[in-house]
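Please have the sequence and the model open while reading this report.

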Amino acid sequence: MAASIGAMLALGPVLLLAGLRRVERPFSTADSTGLWRKATFLWSSWSVLRRIWVVGSVVAGVVVAVATGWLIGIVLVPLALLGIPALLSEPPQHEIATLAGLDRWIRLLAPSIATGKSIRDAILATRTQAPAILREPVARLVARVDQGWTTKEALLAMADDLSCADADAVLAALAISSSRGGVGTRTTLAALSENSAERLHSLREISSERAKPRAVVRQVTIITLLVLGGSMLLGGNFFEPYRTPVGQALALALAAAYVGALVMLRRRTIPEPAARFLRSSPR
């Protein structure tokens, strides 16, 4: 009963809004098959330890619900063991990783170009030494050049592969330099290297500042969970009112509010990607 009340409180407004929208869509078995395939792919992409952790969290929720009589344990325990660590973990820094890879790539191309090679020849000569994050985009760039694309077209297509505003700036400069027959390439690479290093330093400083509130909330969350766990074990009948259906629904609502606050915090600490300005022409 408590689980049903909590589900209605959480999903009721969403279902009400969804019901007000008149959308007619014929049922297709391909939809359910596609969802099943996506779920299967997601499960297979996880490591063994992560699968064990997910299954263990669900089992722990069931055990807590059976042992204590708190039906909401089926929801709260997996939520605490799976959702909270994910929300408080370090978000992926795609922009910083891409820019760092481009910075190393530029420094890799510079010595080869200094020997008199063109940008195209320098890319072909150093393709196996590209940073890990650029290895696949560089391989596609080389394949396009082998298929008859110009260096400029291949570089613009690589910008689409990376889908990053900072990558647009670097690859646009390389594309312009390549279209001029390599005139001023050394100066261009030196300027790109300097600008990339400064931009990378700024992004890392911003990332470290954004990580500070996340670290504070992580500490507060750990302390709160420890205090709640200790109170449940040593607090006697302090949590007895929460065993009633209304109490369990209230506990579920409080947990949902806290998780919602964590979601808002995570969204605020993840910067919006800068708008791209470069697009390759379709070929």
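Predicted model: local features only at pLDDT ≥ 70, side-chain atom pairs only at ≥ 80, totals over all residues.

Residues are numbered from 1 along each chain as its sequence is written, and side-chain values use heavy atoms, with hydrogens and water left out.

**The chain as a whole**

The protein chain has eleven helices and zero strands; helices (H or I, at least four residues) and strands (E, at least two) are DSSP runs, numbered from the N terminus. Of its 283 residues, 30% are buried, a term that stands for under 20% relative accessible area, with exposed meaning over 50% and partly exposed the range in between (1.4 Å probe, protein chains only). Among contacts (heavy atoms within 4.5 Å) with a separation of 6 or more, 67% join residues 24 or more positions apart.

The table sets out the spans of two helices, the expected value being 1.5 Å times one less than the number of residues.

| Helix | Residues in helix | First to last C-alpha | Expected span |
|---|---|---|---|
| α7 (132-146) | 15 residues | 22 Å | 21 Å |
| α8 (151-162) | twelve residues | 17 Å | 16 Å |

In α7 the buried residues are Leu134, Pro137, Val138, Leu141, Val142, Arg144 and Val145, and they pack against α5 (94-114), α6 (119-125) and α8. After α7 comes glycine 148, with a positive phi near 105°.

The buried residues of α8 include Ala154, Leu155, Ala157 and Leu162, and the buried set of this helix packs against α5, α6, α7 and α9. Serine 163, which follows α8, also has a positive phi, near 50°.

**The pairing of α8 with α9**

Helices α8 and α9 pack at an angle of about 175°, with their axes 8 Å apart; the axes are lines fitted to C-alpha atoms, for helices over the stretch in contact, and angles run from 0 to 180 degrees between N-to-C directions. The two helices are therefore roughly antiparallel, the word used for angles over 145 degrees, whereas those under 35 count as roughly parallel, 65 to 115 as roughly perpendicular and the rest as oblique. The residues of this contact divide into nine nonpolar, three polar and two charged, where Ala, Val, Leu, Ile, Met, Phe, Trp, Tyr, Cys and Pro count as nonpolar, Asp, Glu, Lys and Arg as charged, and the others, Gly among them, as polar. Residues from α8 in the contact include Thr151, Lys152 and Met158, and those from α9 include Asp168, Leu171 and Ser179.

**Two single residues**

Serine 179 is found in helix α9 (residues 165-179) and, at 48% relative accessibility, counts as partly exposed.

Arginine 210 lies in helix α10 (residues 185-234) and is partly exposed, with a relative accessible area of 27%. Leaving aside neighbours within four places in sequence, arginine 210 is in contact with Arg268, Thr269, Ile270 and Pro271. For arginine 210 and proline 271, which are 61 residues apart along the chain, the C-alpha separation is 9.1 Å.
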